Amino acid sequence: MTIEDSKPAREPEQTSSATGTVVEVAALAPKAVRRRSIKGVSISPDVRVSLYAQGQYLASDLRKQQGLLEFPVVTYYQDPLDEDKSPEAVFNLKTLVNWEPGLLDGPTSARFAVVDYDGDTGKLEPPARWMSTDSFEGYLGADGAPLDQHKAKTFAFHQVNVWAIVQRTLAFFEDGNALGRRIPWAFEGNRLIVVPHAGYGQNAFYDRQSKSLQFYYFDDGEKTVYTCLSTDIVSHEFGHAVLDGIRPYFNESSSLETAAFHEFIGDQTAILQTLLIEKLRQEEADKTAGDFSKATTISSIAEQFGKAVEDRPYLRTANNELKMSNKAGTSDPHSLSEVLTGAMFQILRQLAEHYMKVEAEDPAQPGKRKRKPSTPRQAFWDATVRMQHLSIQPLDLLPPVEVRFRDYARAVCRSQQLADPLDPEGYYGMLLEVFRDREILTQAEVDELKAPTYLTDRLPFAIRPNIDNIARSRAAAYRFLDDNRETLLIPAHQDLLVADLYDAKKRGRQNEPLPRQIVVQYVWREEVLLEGERFGPYSGKYTTMLCGGTLVFDDNGITLAWTVKPGSVPYGGKRERSGQLKERWDKAVAEGAERRKELLDEVARQIALGRVGSIVGSEKGLLASHVPPVTAELEGESQVRFHISPHLNLSQDSDQEHEDASGGRQWQISC
């Protein structure tokens, strides 16, 4: 289902009382949940659980009807920056959250557990209380009253606010319009810990080691700013958790572009979540007459935080004209990410403009009929839905290691081809032009992608894929990969790991099901010697260059996409290669050698900048916030692995403004 605000069947009555017993609250609350009815048919709790089990097959209207599988909670639309305005302008009174059978205090759900522990004060706040009776369902504060806008200053409201945002954002990613599958975490366990008040500081971040999202608070001279109340910040940090879950090897890199891609996903998540709020989207459409370039509410990220910390109306903006050459020499992943964020926002803007063209001729039937132009509101909504497809579905096509902006651009274009092979509206050409103009793709790459090609890759597999076997288990997928090492550019003697195996059921623009996708990610490690003074204390040790690929098949075993990050080691087999196979291997080994050189140069650069170190100890334990931008993990006497910390922010303006690596501002602030 596409996440979208909806008017609940019956809105709760407003009461000025801030206290009351559960019985009194229930008398005032909407009749919801335990016993539901649809057109007079009574729905028991057992039937509701059965409907929940089949929820993926139910129409969204049915899911929302009478709160069967969703229930409303009150959250901030964006943040408390304009809290002096009317409640209707600040609070979303009907944020819909998916219902599930095991909801508990906290809030705690199947995938999240809110633990409100302050590492500075050592205080554990009481959790929001889950209540489900015949006459009321929802979360209550410690006083037994519902957590509505009148309770916005209580920590219990903060707990529910941040939980509702991550619940809704997870549903967005798992929807068929996005990835069309369940999202794993990158750590052992199934619940991500959410800490709304982790401590004092200008900070908020996702941390794999502590399995948590941590949100901090600080004073801006006038009031206390709580990062857990910013929808943009919460969505951004949760975007890190999602990307880490589906591509966990991205963090084992020192690549600036890989770190910047993490930041792009965070910002793109925040923008899309804002677009999915009907009230904000429609207000922006009306106010701007459909001109996305003037839609500052949508393009500006973390307004309250930016005003408090940077003294400007946002922390970052997606509405920019930046190119890769504008960021040459930067070492700040947040700064570099703005190029890709700007490119995708430009695509969003051009989509809306396209939908609003007056009497545009239908390319599928030239001269026969013309398409009725969209209103600004409809154009904004259509652009939002298409952007969900364009920006999120391609994530499954990315390589499993060391992503670059051009990898994502190619994945976006390939995903568009698969979803809309006829492309009557010319979206494919528009994508290529934007990525070329932003210098993410070269003209040569654009020409290559424009050339006529088969919709499916024709790889010369020695053993053809049996998709039933491959999809059955990682062991079966490994046998297929091992049988086809030479075709897949995997050296003969390298130990090979199936990093992930899953299938996805995505949907197209008209909500039609797309062919099932079976995705196989495989990885191997190539040892690299760190030799020379530029590697400082790590000289003489070995690190590893991650290599690997992603294969996407359809139900018939046809290869829909293949992307690979090759190593520098030749195949190693005894058979002489010739023709296309030899050409492919020569090109792969050369690319691997270049990757190896880039890895060594980047590690040396990070060491020279003082950004490599171990996690700084802290009395906060799991809530320690002092983490170097790149951590070095020693394995025995001779091995070291470097991990990026993509949630950490540096300066927004220039690298010269960074403080030293002993734990100053550059190691504290995220977003």
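This dialogue explains how to read several features of a predicted model.

Reader: Which conventions apply to the model?

Author: The model is predicted, so local features need pLDDT of at least 70 and side-chain atom pairs count only at pLDDT 80 or more, while totals for chains, interfaces and linings use all residues. Residues are numbered from 1 along each chain as its sequence is written, and side-chain values use heavy atoms, with hydrogens and water left out.

Reader: How many helices and strands does the chain have?

Author: Helices (H or I, at least four residues) and strands (E, at least two) are DSSP runs, numbered from the N terminus. The chain has 18 helices and 23 strands.

Reader: What share of the residues is buried?

Author: Buried means under 20% relative accessible area, exposed over 50%, and partly exposed in between (1.4 Å probe, protein chains only). Of the 671 residues in the chain, 58% are buried.

Reader: Is helix α6 largely enclosed or open?

Author: Helix α6 is largely enclosed by the rest of the structure, because 16 of its 16 residues are buried. The expected span of a helix is 1.5 Å times one less than its number of residues. For α6 (residues 231-246) this gives 22 Å, in agreement with end C-alpha atoms 22 Å apart.

Reader: Which strand pairs with β17, and in what sense?

Author: Two strands pair if DSSP finds at least two bridges between them. Strand β17 pairs with β18 (residues 517-529) in the antiparallel sense over 7 bridges; the partner of Tyr 502 is Val 519 in β18. Strand β17 (residues 497-504) is largely enclosed, since 6 of its 8 residues are buried.
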